Amino acid sequence: MPKKNILFALLIFFIGISIWFLYSLPDKRSTIIEDNNFAIKDTSIIEKVFIADRSGNTITVIKNDGSWVVNNKYEVRKDAINTLLSTISKLKIKKPVSKSSFDNVIKFMATSGIKVEIYDKYNLIKSYTIGSNTSDHLGTYMLMENATKPFVIHIPSFNGFLSPRYGIQGQKLDVVNWRSNKIFSLKSEEIENIKFTDLSNIKNSYQLSTNPLILSDYTSKKVPINKEAIFKLLNSFEKLNCETYKVKWKIDFSTQLHELIVNSDTLRTYQLNEGKEKSKEENFTVDRMYATVNHGDLMLIQDYVFNKVLITLNELKK
């Protein structure tokens with residue numbers, strides 16, 4: 001082989017070795033390392049998640065015998081906790097924050113960032129701050145506890161920002177976003193008695209006992225039973241949800257329409273203030289009422305959901 005070809009082959013060999021050596025070394029310039037891993041792959045170990053905004057609102061969801069409770073008071077919506085845990089498990093670093101955005105991102109986190117703390121049964125296992133969203137809305141700025149550099153975080157294949165998946169709306173928290181909308185969840189065999197009062201026409205009212213099966217009118221006089229209608233009513237309490245809660249709203253409670261007592265729980269419905277509701281961005285082709293259960297928080301319920309249990313005596317008697 002000519003000497004010139006040998007020298008050329010040796011040059012190619014050494015260049016290849018150099019490239020392999022450089023790529024095999026750890027990238028000292030990269031700040032995306034294992035210590036910056038925001039995700040918790042095994043969410044089954046999570047027992048508590050604490051979230052706090054800069055306005056003093058806090059959300060604490062705690063696992064309690066396999067179910068979840070928010071702020072030690074309300075049952076958590078299943079879709080809300082499932083979304084949160086799925087998000088926690090899938091977080092990926094998309095890229096570091098650019099130098100041009102760095103100061104603004106840090107300033108926003110300091111003034112408006114949402115703190116997230118995740119615990120197992122005994123210890124804090126992850127803590128970070130959620131900041132604003134990227135301009136393309138395909139990532140969210142996050143900063144790990146005790147870190148100095150934030151990152152753009154995303155979920156691969158998910159097109160959108162992440163803060164709503166933590167129950168955050170406009171950098172604020174609201175327990176309403178976490179509460180289960182379940183009002184009644186009773187199987188027919190669990191119902192012992194029902195008392196319905198129609199305040200607009202007392203003659204529509206009734207009392208129903210299930211063991212033995214007795215239907216009485218508003219004067220407590222027994223009336224013949226339409227068993228098919230009775231069984232349909234009893235089976236209608238298995239899944240009854242409100243539309244939403246209106247915790248901060250005030251209404252005229254003199255506009256009460258119905259009172260429905262099922263076992264020991266009392267549902268009261270009230271006339272809807274149409275003017276107030278129509279200022280909201282909602283679908284107003286659906287008829288609604290206000291309601292409370294056991295004098296609790298004000299709710300909005302939909303007629304077509306609750307009309308199957310707010311029925312009159314005439315619909316139950318033979």
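Is Arg 179 buried or exposed? Arg 179 is buried, because its relative accessible area is 7%, and buried here means under 20% relative accessible area, exposed over 50% and partly exposed in between, with a 1.4 Å probe and protein chains only.

Good morning, colleagues. The structure is a predicted model, in which local features need pLDDT of at least 70 and side-chain atom pairs count only at pLDDT 80 or more, while totals for chains, interfaces and linings use all residues. Residues are numbered from 1 along each chain as its sequence is written, and side-chain values use heavy atoms, with hydrogens and water left out.

Let me begin with the overall picture. The protein chain has six helices and 21 strands; these are DSSP runs numbered from the N terminus, with helices being H or I of at least four residues and strands being E of at least two. Of its 318 residues, 41% count as buried. Contact means heavy atoms within 4.5 Å. Among contacts between residues at least 6 apart in sequence, 60% join residues at least 24 apart.

I return to Arg 179, which is found in the loop between strand S11 (172-173) and strand S12 (182-184). Its charged end sits over the ring of Tyr 245, 3.6 Å from the ring centre. For this description, NZ of Lys or CZ of Arg must be within 6 Å of the ring centre and within 35 degrees of the ring normal. The side chain of Arg 179 also makes a polar contact with the side chain of Asp 297, at 2.7 Å. A polar contact is a pair of N or O atoms within 3.5 Å; within protein, one must be able to donate a hydrogen and the other to accept it, and residues adjacent in sequence count only if both atoms are side-chain atoms. Leaving aside neighbours within four places in sequence, the contacts of Arg 179 include Val 70, Tyr 74 and Glu 75.

Next, the aromatic residues. The structure holds six aromatic pairs. The rings of Trp 249 and Tyr 290 have centres 6.4 Å apart and planes at 75°, so this pair is edge-to-face. Rings of Phe, Tyr and Trp (its six-membered ring) pair if their centres lie within 6.5 Å; planes under 30 degrees apart count as stacked, over 60 as edge-to-face and the rest as tilted. Trp 249 lies in the loop between strand S17 (244-245) and strand S18 (256-262), and Tyr 290 in strand S20 (residues 288-293), so the pair ties together parts that are 41 residues apart in sequence. Both Trp 249 and Tyr 290 are buried. Elsewhere, Phe 38, Tyr 128 and Tyr 166 form one aromatic cluster.

Finally, the sheet. Nine strands make an open sheet in the order S4-S3-S2-S1-S6-S7-S8-S9-S5, with antiparallel pairing. Its edge strands are S4 (74-75) and S5 (92-96), each pairing on one side only. Two strands pair if DSSP finds at least two bridges between them. Strand S6 (residues 114-119) and strand S7 (residues 124-133) run antiparallel and are joined by six bridges. Ile 118 has Lys 126 as its bridge partner in S7. Helix H3 (residues 99-112) packs on the sheet, touching S6, S7 and strand S8 (140-144), and its direction makes about 75° with that of S8. Axes are lines fitted to C-alpha atoms, for helices over the stretch in contact, and angles run from 0 to 180 degrees between N-to-C directions.
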